[in-house]
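Hello,

I am passing this structure on to you, with a few notes on what turned up in it. Have a look first, and then read on.

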Amino acid sequence: MPAEGGRSSAYHEVRDPVYPVSSALPRDRWVLTMTVPPTFEGLETPRLRLREMTDSDEDALARILTDPVAMVAYEGAFTREESRDWLRRQWQRYRDDGFGLWAVVLKETGHMIGQCGITRQRIEDREVIEVGYLFERAFWHRGYATEAALASRDWAFRTLPIDELYAKVRVTNAPSMNVAIRLGMTVRQTFTVLYRGHTMPHLAFAITREQWERRTG
Ligand SMILES: CC(C)(COP(=O)(O)OP(=O)(O)OC[C@H]1O[C@@H](n2cnc3c(N)ncnc32)[C@H](O)[C@@H]1OP(=O)(O)O)[C@@H](O)C(=O)NCCC(=O)NCCS
């Protein structure tokens, strides 16, 4: 597919789909060029708390990222070292952008059950701002991912000067698509990512600011 600016965009090598690969894009393709990153003070929903991840979340994070079932969409489980790298990348995001994937904690028990939040992402040759969600398998099918993602979506539109919010979903990942749909998103395009040596067809889901305003009043 011909790309704007004449560059090939049929495939691009992405070492990690949640790291700011958009930083490799020229600045004129960035959606966000904030000089002062926003401050994240945590979020609260009826059942959950979202906060920045710390050192002490390493084991809880590894329970998600080293689980081969949870990581099917990422072409298999991460090693413990890859899981630690992931955590370091979120810290980098907090520093650079003021946001990233946050820890999702059950209010009732204080247990970290997942991660959810906002990241810079890349779709072909442009940057998008994405809501991402990955939960420990034992806590699926209880509405927690949707609850956390709704709060993250609302934070993004209230805090960031963005017109659209995206979710990049591998075409085989039906549960993730269902969360995107519950956020009020619809499919905008298909695209392909080359990740860990595999060609992965994806769908780009998105909701515009106007659609978000209509839904939230
Ligand atoms: C994507 C992912 C977070 C979705 O998890 P999920 O459990 O399907 O989503 P939710 O937590 O929102 O739960 C929704 C389900 O809980 C049910 N539910 C039960 N109690 C509920 C309640 N009190 N409130 C709302 N929903 C409830 C819903 O009916 C829905 O059922 P369904 O699974 O039959 O559709 C999960 O599959 C995951 O972590 N996957 C691995 C990582 C990944 O692929 N992430 C996405 C990358 S793009």
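Two strands are said to pair if DSSP finds at least two bridges between them. Helices (H or I, at least four residues) and strands (E, at least two) are DSSP runs, numbered from the N terminus.

Some housekeeping: this is a predicted model, in which local features need pLDDT of at least 70 and side-chain atom pairs count only at pLDDT 80 or more, while totals for chains, interfaces and linings use all residues. Residues are numbered from 1 along each chain as its sequence is written.

Now the strands. Strand β1 (residues 43–44) and β2 run antiparallel, joined by two bridges, and a hairpin of three residues leads from β1 to β2. On its other pairing, β2 is joined by four bridges to strand β3 (residues 101–106), again antiparallel. Leu 50 of β2 stands opposite Leu 43 and also opposite Val 104 in β3. In a regular strand the side chains alternate between the two faces of the sheet. In β2 (residues 48–51), Leu 48 and Leu 50 make up the covered face, and Arg 49 and Arg 51 the uncovered one.

Then there is the ligand. Around it are 18 residues, of which Trp 140, Gly 143, Ala 145, Thr 146 and Pro 175 come nearest; a residue counts as near if its C-beta atom, placed from the backbone, lies within 6 Å of the molecule. β5 (126–135), α3 (144–159) and α4 (174–182) each supply at least two residues of this shell, and α4 gives the most, with four.

Best wishes

Notes:
Buried ≥ 20, exposed ≤ 12 C-beta atoms within 10 Å, placed from the backbone.
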